[in-house]
Amino acid sequence: MNIGDVAKRTHLPPKTIRYYEDIGLITPPRDANGYRAFREADMHKLAFLGRARALGFTIEDCRNLLALWEDTARASADVKTIAQKHLLEIEEKITALQDMRDTLSTLVTACAGDSRPDCPILTDFAKEG
């Protein structure tokens, strides 16, 4: 399979596939002409990586998860530890985003939005510390 075929099947851009190769996440063999000759196993790895990245896992987490996926003697606890850490990071981001939304909502509500120059949004932004 060539990179275009793999890109279509995995829904990953060729640039991403090349990047994953550059950083060693996949190592497709090369034909005599130097073109990548993706195997079915490479396509499955790329689909795996695409799904993990879509869930927000870092490249390093993906590397670790891929190694665990390929290790038939793995402990599922190792996989769960990585996923739990990522879930906690997501929950922290959600909390931070909710705090930002609440603050901005309060400021938008406080602003009259008319032709007067007074603006509680700008006043709040100008506060020190």
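Residues are numbered from 1 along each chain as its sequence is written, and side-chain values use heavy atoms, with hydrogens and water left out. Because the model is predicted, local features need pLDDT of at least 70 and side-chain atom pairs count only at pLDDT 80 or more, while totals for chains, interfaces and linings use all residues.

Student: How are H1 and H2 oriented to each other: roughly parallel, roughly antiparallel, roughly perpendicular or oblique?

Tutor: Helices (H or I, at least four residues) and strands (E, at least two) are DSSP runs, numbered from the N terminus. The axes of H1 and H2 are 9 Å apart, at an angle of about 105 degrees; axes are lines fitted to C-alpha atoms, for helices over the stretch in contact, and angles run from 0 to 180 degrees between N-to-C directions. Angles under 35 degrees count as roughly parallel, over 145 as roughly antiparallel, 65 to 115 as roughly perpendicular and the rest as oblique. H1 and H2 are therefore roughly perpendicular.

Student: Which residues of H2 make the contact with H1?

Tutor: Contact means heavy atoms within 4.5 Å. On the H1 side, the contact is made by Ile3, Val6, Ala7 and Thr10, and on the H2 side by Pro14, Ile17 and Arg18.

Student: How many residues of the contact of H1 with H2 are nonpolar?

Tutor: Ala, Val, Leu, Ile, Met, Phe, Trp, Tyr, Cys and Pro count as nonpolar, Asp, Glu, Lys and Arg as charged, and the others, Gly among them, as polar. In the contact of H1 with H2, one residue is polar, one is charged, and the nonpolar ones number five.

Student: What is the handedness of the crossing of H1 and H3?

Tutor: The axes of H1 and H3 come within 10 Å and cross at roughly 45 degrees. That makes H1 oblique to H3. A crossing is left-handed if the near helix is turned anticlockwise from the far one by less than a right angle, and right-handed if clockwise. The crossing of H1 and H3 is right-handed.

Student: Which residues of H3 pair with H1 in that contact?

Tutor: H1 contributes Val6, Arg9 and Thr10. The H3 side is made up of Glu40, Met43, Leu46 and Ala47.

Student: Is Glu40 buried, exposed or partly exposed?

Tutor: Glu40 lies in helix H3 and, leaving aside its neighbours within four places in sequence, is in contact with Met1 and Arg9. Buried means under 20% relative accessible area, exposed over 50%, partly exposed in between (1.4 Å probe, protein chains only). With a relative accessible area of 39%, Glu40 is partly exposed.

Student: How do the residues of the contact of H3 with H4 divide by class?

Tutor: H3 and H4 pack at an angle of about 135 degrees, with their axes 10 Å apart, which makes H3 oblique to H4. The contact is made by His44, Lys45, Phe48, Leu49, Ala52 and Arg53 of H3 and Ile59, Cys62, Leu65, Leu66, Trp69 and Glu70 of H4. Its residues divide into eight nonpolar, one polar and three charged.

Student: Is Lys45 buried or exposed?

Tutor: Lys45 is in helix H3. Not counting residues up to four places away in sequence, Lys45 touches Leu25, Ile26, Leu66, Trp69 and Glu70. Its relative accessible area is 18%, so Lys45 is buried.

Student: Where is Phe57, and what is its relative accessible area?

Tutor: Phe57 sits in the loop between helix H3 (40–54) and helix H4 (59–70). Not counting residues up to four places away in sequence, Phe57 touches Ala52, Cys62, Leu65, Ile82, Ala83 and His86. Phe57 is buried, with a relative accessible area of 9%.

Student: What is the phi of His11?

Tutor: His11 lies in the loop between H1 and H2 and is exposed, with a relative accessible area of 70%. Although His11 is not a glycine, its phi is positive, at about 60 degrees.
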